[in-house]
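Here's a quick briefing to read with the model open. Have a look at the aromatic rings before moving on to the core.

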Amino acid sequence: AGAMSRDGKIGYIGDYPVRGVPAAINAFALGAQLTNPNAKIQLKWSCLPGNATMDFLGQGIRVISNRDVPTQDRKNLHFCNYGTYALDENGLMALASPVWLWGQFYVNVIRSILAGTYDKDKDSPRAVNYWWGMDSGVIDVELDEHIPEGLLALAQILRQGLRDGSIDPFRRRIVAQDGTVKNDGNHTLTPQQLLHMDWLCSNVIGSIPTYDQILPMSQQMVRELGIYRDSIPAEKEAKTREDFDHLR
């Protein structure tokens with residue numbers, strides 16, 4: 001995305017302000033700076049009213065990142081419904097997208113059951129952690145065949161670096177939008193820090209929407225998994241359930 005953006009402006013469409021999503025936005029923003037130090041990420045949300053893609057195109061933004069491809073099916077990438085894509089003289093062109101390899105996920109789960117490590121914390125109320133990286137084979141990056149040749153070679157190098165751990169987008173100096181230093185560059189961030197991240201990097205233009213701004217159909221998920229779920233007043237929770245029942 002950084003290399004394909006001539007002016008450094010890149011659109012990013014977040015889905016819901018739930019745990020893990022701010023980390024994904026920041027990872028994208030930091031990654032874009034690897035190939036374009038001037039990259040600025042314009043952030044919009046699909047859980048808010050409006051059409052984020054059309055808004056970006058209307059603003060002259062020609063590189064946009066949307067949702068991850070949910071399955072290993074290249075047609076989703078080619079149709080530019082998912083992933084990162086760019087607008088050129090021929091229309092929208094797919095670039096790349098994270099893709100989830102569910103078959104490998106189930107293989108890993110079954111192997112952990114056979115090894116006796118699947119439910120080590122069965123007496124604990126915590127959920128089982130399925131947060132596996134690219135080295136597990138559960139997630140990969142699908143690269144489109146129309147990516148310019150030089151950029152394709154670079155993308156393959158970056159993908160391999162993420163697989164073997166030699167590249168970590170969070171092992172660097174990181175400054176948040178409010179000017180606070182979140183990492184001095186001498187260490188990486190822990191899974192807990194990533195999961196509970198509620199801030200955005202300084203090169204992200206936009207904000208995390210409040211509960212009241214989110215569309216009613218999205219509020220139930222945010223109430224259950226949102227990064228600020230504990231701060232939502234009880235009366236708003238009751239109203240959300242009424243809205244949800246009404247929609248159902």
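**Aromatic cluster and core**

F105 counts as buried, at 13% relative accessibility (buried is under 20% relative accessible area, exposed over 50%, partly exposed in between, with a 1.4 Å probe and protein chains only). This is a predicted model, so local features need pLDDT of at least 70 and side-chain atom pairs pLDDT 80 or more, while totals for chains, interfaces and linings use all residues. Numbering runs from 1 along each chain as its sequence is written, and side-chain values use heavy atoms, with hydrogens and water left out.

**Rings**
- Ring pairs tie W100, W102, F105 and Y106 into a cluster (Phe, Tyr and Trp rings, the six-membered one for Trp, pair if their centres lie within 6.5 Å; planes under 30 degrees apart are stacked, over 60 edge-to-face, the rest tilted).
- W100 and W102 are stacked, at 6.4 Å centre to centre and 25° between the planes.
- W102 and F105 have ring centres 5.7 Å apart and planes at 80°, so that pair is edge-to-face.
- W102 is partly exposed, with a relative accessible area of 40%, and W100 is partly exposed too, at 30%.

**Nonpolar core**
- The largest nonpolar core has 39 residues, and I25, I41 and V204 touch the most other members (a core is a set of buried Ala, Val, Leu, Ile, Met, Phe, Trp, Tyr and Cys residues joined through side-chain atoms within 4.5 Å).
- V204 touches I25, N26, A29, I41, L43 and Q177, leaving aside residues up to four places away in sequence (contact means heavy atoms within 4.5 Å).
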